[in-house]
Amino acid sequence: MESNKATSSSMVVEAVPSEMNSAPASLPTKPKFEPLMAHEMSDGRVQFRNVYVPPHRYSPLKKLWLDIYTPVYEQMKIDIRMNLKARKVELKTRQDTPDVSNLQKCADFVHAFMLGFEVIDAIALLRMDELYVESFDIKDVKTLHGEHLSRTKGRLSGKGGTTKFKIENATKTRIVIADTKIHILGSFVNIKLARYSLCRLILGSPAGKVYSKLRAVSARLAERF
């Protein structure tokens, strides 16, 4: 009798409600959140950027101030002002700034103008994300002094700036030669190509060889893209 009771108790199966056997209930709808504003991402704190104005760029800045002020204030929604005492351009976010990254873009735009780029070229930093400014010194490539350094600068520019213009057009970059500093504005691949061509000129390669190599590489890049 005891064995029969044990077997009967082991055969007992709990009844499962019919609701548990049915298909799972539909998941709740995915919530949609509005994008955060710049002041909300920083917990309501205003963010600042300062760009130093070199003495030789003070006059061009005053002359082209409206060309710099308009896209920064109206399009990027960033406050900008010139601090005459500190000789700095100050930028800060506003309540209606759509993206916090606009502050850094505007700082890069103003900094590119201070390096010597035209406003028309530097404004591309506001419109495209994949553009950068890279700088290097001629003496980092080769130690030069006196007349050797002057001849190297002339070889980089060419007669009437033709060499610099050809490199810019072939690599789709913009180049500024300021004393021994060279600044290049463009995408990562194009900056690398332009820097290689300039370094070959600094090391003493003839301009003709640099042109032929540049045309071959630029044609290969055009086919790839």
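The report below takes the helix pair and then the sheet.

This is a predicted model, in which local features need pLDDT of at least 70 and side-chain atom pairs count only at pLDDT 80 or more, while totals for chains, interfaces and linings use all residues. Residues are numbered from 1 along each chain as its sequence is written, and side-chain values use heavy atoms, leaving out hydrogens and water.

Let's begin with the helices. Two packed helices are described by the angle between their axes and the distance between the axes. For α10 and α12, the angle is about 140° and the axes lie 9 Å apart (axes are lines fitted to C-alpha atoms over the stretch in contact, with angles from 0 to 180 degrees between N-to-C directions). That makes α10 oblique to α12 (under 35 degrees is roughly parallel, over 145 roughly antiparallel, 65 to 115 roughly perpendicular, and the rest oblique). Contact (heavy atoms within 4.5 Å) involves T152, R155 and L156 of α10, together with L198, L201 and I202 of α12.

Now for the sheet, which is open, with 3 strands in the order β4-β6-β5 and antiparallel pairing; two strands pair if DSSP finds at least two bridges between them. At the edges are β4 and β5, each pairing on one side only. From one strand to the next, the twist averages 15°. β5 and β6 share 5 bridges in the antiparallel sense, and R174 has L185 of β6 as its bridge partner.

The strands, as DSSP runs of E with at least two residues, are numbered from the N terminus:

| β4 | 132-137 |
| β5 | 174-178 |

Notes
Helices (H or I, at least four residues) and strands (E, at least two) are DSSP runs, numbered from the N terminus.
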